[in-house]
Each structure stands twice: as structure tokens, then as C-alpha cells.
Amino acid sequence: MELWVVTIFFIGYLFITIEHQVKIDKTISALGMASVCWALLKTTNLTVFDIGSEGLEPINIEDNTSAIDGILLHHLGKVGEILFFLIGAMTIVEIIDMHRGFEIIKKIIKTRKKKKLLWILGVVAFLLSALIDNLTATIVLISIVRKLVPLRNERMWYVSLVVIAANAGGAWSPIGDVTTTMLWMANKVTPAKLTEYVLIPSVICFAVPFLVASFLPVFQGRLDIPRSDKTQAFKSSMPVLIIGFVSIIFVPIFKTVTGLPPYMGMLFALATMWFFSELLKPIKELDEDKAISFSPHKALSRIEMSSILFFLGILLGVAALESIGVLYNFANVLKETIPNQNIVVALLGIGSAVIDNVPLVAASIGMFQEPIDSGLWHFIAFAAGTGGSLLIIGSAAGVAAMGMEKIDFFWYAKNILWLALLGFVSGFLFLILLETFHVFG
């Protein structure tokens, strides 16, 4: 029956990857796949395992269905930590956007030189994604690019390179990408070591494509003057932007000081942000003196619950495979077939360009048992985070850009793939050097 569980998982996963072709939302496939997998575990009395000092150890309980109930609750607890963390972070970002905090960033960028604008957008995307996650950073930057670059054929280049910068920026921060958040909350990495080892490779992954792109004809000369932007910031925009960033940055500090899981720090950050949002909200603002709703309840209604439910489904599906020992056994096969873990992780990164990186990292957490801050986890964080830039469909940031700017898959593969590959390989090789020589001890 283990084969049936694996088959159901891969059927569900297939429908996730061909979402646009079959016109079935990937959340439906993820939730359905997870439910059927756990139903098979429950109704067929499959033996569940735990990973002990000597490898897989069956959980010896007379009533095996009780064991499955217990292990499902265990995995649901771990998945819930990630989901509550994401809900808190997404709500904070929506509160900032509700107060037009990101308009402050728009006003700072005034250059008309194409090459200079490219680097400004890249640096902002790289840093912003480390604070608010790469998907949100990409969406914010695309809205800015639309105001500054009126011609669509030029704008596609800027947006595509923003995707590379945002994915690179998210790879070195525990709150910059869903996958790094997963690794942090699974106690596979610490923020300090993740930043130490992955920051410089991520900078290289971002800088190399931008350096090469700077010499391309599309980024030479000056931009045409864009249409005037009538959108204005509120009086609360700057305070809310600053408070939001400080609240998110405070999350790792909260964990270090209290020892509580990261999601508790994010919930505290949300409570802080909620309080100041209510305190700073103006009665009347710019839209024809009409009262505007600044309630965080509005921000809660704007977060993508479909994404949260997708993560719930895919993570519980992977947990089912982990519980019957499939991932552990597959890891052993990989180690015997490809002894060099760097090659395995590099393939994982390239695979994330085709397959969503969330389940790949979730599977890796179940497959490998290396200790916290092992070099393997740093490689996985970098590869899964930046490998998605190789194709436009390989990351949430890329999919968002594809939808917002109607970027063609083959146009991206022809014009951007080679740039992203240069950055990925350069950063990965540099990370190998850092880990090999234990530069940071």
C-alpha cells in the first residue's frame, strides 16, 4: 500500500505542475492529494515510522490507527507553525501597502538612465525580498517599474531581472522565502549562520547577471519620460513602513531572547503592527476627502488564503511520505547513487526551476538528517531559492511577474535563462568554497 500513497502523491503533484493546462487550481490538487494520502494511511493500517539513532524505527503501538492520529497531529503542528508565520508576515505587508508605505520607495527612484535604474531596482529588490519575502518584493517592484518604464518590451527585461534579484535576496534571509522559513522553523539553520554563508553567494547570484546585463543594448541610453503618477503617499505611510520593517526584523531577535518558536515572534510583530496601524490611521485622506478604511481587518481579507491552503496541502502530503519512510529510503538511494551531496543539491536547485521549491525543500527536510547549520542545509537554501530563477515558472516571484506583465515562457527562456544560470552557477561555486574552507568557522 505504500506504493499507492506514493502514486497518489505524484498524481496530485502532476496536476499541480500542469495547473494552467488543466485549469484546475493547484490548491485543489494539493488539498485533495494530502487528504487521500492520509486516508490511505488510516484505513489500510500502514506502519508509520520515526527516525531514530539507528535509522527508521517503527512506532510500536498496538492500535496502529492511534499512532497515525498522533503522527498526523505532530506534523500538523509543524506545518501550522509555518502557516501562522506566513499569515502574520503577509498581513504586515498588506497593512504597509494599505497605508501606501511602498509609495515612499517609488518616490526615491527618479533616475532616467537605464543602466542606473537597473541597478537601483536590483539592489532594492535584493534587500526588500530579504525583509518582506521575494514574492511581495517582486510585486512591489513591478508596480514601480510600470511607473518608470512605459514601453512593455523594455519593461519585460527589467521585471525579469528583478525576479532574479528578488529570489537571490530571499535565499539568505530566514524570512525572505518560504523555503528558508521552513528550514529555520525545522531547526535546520539559524539566521546568523544562514546569513554568514549564503549572503555572499546570493550577492554574487544577483550581481553577475546584472553586471552582464548592463552591457546589453536594451539597458543603454535614457528612458522616455513616463506618464505622471498621481498616486500620493499618506501621512501615515512613512511611519507604518518603518514600523513594519522593524517589526519583521525583530522576529529573529524575539526568538533568540525568548527561545520561543519564530511564529510567536511574528504574531507579536503583527500585534505591534496592528496597534500602530489603528493608532496612526487618518480620518480623511486624499481620495476626494472620503473616509478610507485603514482597519487591519481589511488587510487580513487581502492576504492570499489560497496560497496558505496550498502550503498546507503540499506539506501534509510530504509528511505522509515521510511518515511511511519513503523519503528516508530515497535519501539513502541518492547517497549510494550520487555520493557527492553538492551534485544532489545542485540538481535540486535546477529541479526547482520546473517543480515548486516548497515540496522539494519539505522533502529534503524529511530525507536528510544532518545537524543544524550543516553545510547541506545552506546549499539547499541557496539552490532552492535561486534555482527557480532559471525559468519564469520556477518561483512564485516569476509566476507573479509572468501574470502581471504577460511575459512569455519562451521569451524568458531565450533571453533570461542564460543570465540566471550564470548567477546560479557562480554563487553555488562560491558557496562550495566557503563551506569547504569553513571561512566563518
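Helix H10 bends by about 40 degrees at Val198, with a proline, Pro201, following within four residues; the bend is the angle between axes fitted to the seven residues ending at a residue and the seven starting there. This is a predicted model, in which local features need pLDDT of at least 70 and side-chain atom pairs count only at pLDDT 80 or more, while totals for chains, interfaces and linings use all residues. Residues are numbered from 1 along each chain as its sequence is written, and side-chain values use heavy atoms, leaving out hydrogens and water. Helices are DSSP runs (H or I, at least four residues), numbered from the N terminus.

**Helix H10 and Ser202**

- H10 covers residues 191–213, and its 23 residues reach 31 Å from first C-alpha to last, close to the 33 Å expected at 1.5 Å a residue (the expected span is 1.5 Å times one less than the number of residues).
- Its buried residues are Leu194, Tyr197, Val198, Pro201, Ser202, Cys205, Phe206, Pro209, Phe210 and Ala213; buried means under 20% relative accessible area, with a 1.4 Å probe and protein chains only.
- The cover over the buried residues of H10 includes H6, H8 (152–171), H9 (178–185), H18 (375–387) and H21 (417–436).
- Ser202 of H10 counts as buried because its relative accessibility is 0%.
- Leaving aside residues up to four places away in sequence, Ser202 touches Phe126, Ala168, Ala171, Trp172 and Phe382 (contact means heavy atoms within 4.5 Å).

**Helix pairs**

- The axes of H1 (residues 2–17) and H3 (residues 26–43) come within 8 Å and cross at roughly 175 degrees; axes are lines fitted to C-alpha atoms, for helices over the stretch in contact, and angles run from 0 to 180 degrees between N-to-C directions.
- That crossing makes H1 roughly antiparallel to H3 (the term applies to angles over 145 degrees).
- On the H1 side the contact is made by Trp4, Val5, Ile8, Phe9, Gly12, Phe15 and Ile16, and on the H3 side by Lys26, Ser29, Ala30, Met33, Val36, Cys37, Leu40 and Leu41.
- The residues of this H1 and H3 contact divide into 12 nonpolar, two polar and one charged; Ala, Val, Leu, Ile, Met, Phe, Trp, Tyr, Cys and Pro count as nonpolar, Asp, Glu, Lys and Arg as charged, and the others, Gly among them, as polar.
- H6 (residues 114–132) and H11 (residues 237–258) have axes that come within 9 Å and cross at roughly 65 degrees.
- Leu128, Leu131 and Ile132 of H6 meet Phe245, Ile248 and Ile249 of H11, a contact with six nonpolar, no polar and no charged residues.

**Helix H17**

- H17 (residues 357–367) is largely enclosed by the rest of the structure, because 11 of its 11 residues are buried.

Definitions and conventions:
Helices (H or I, at least four residues) and strands (E, at least two) are DSSP runs, numbered from the N terminus. Angles under 35 degrees count as roughly parallel, over 145 as roughly antiparallel, 65 to 115 as roughly perpendicular and the rest as oblique. Buried means under 20% relative accessible area, exposed over 50%, partly exposed in between (1.4 Å probe, protein chains only).
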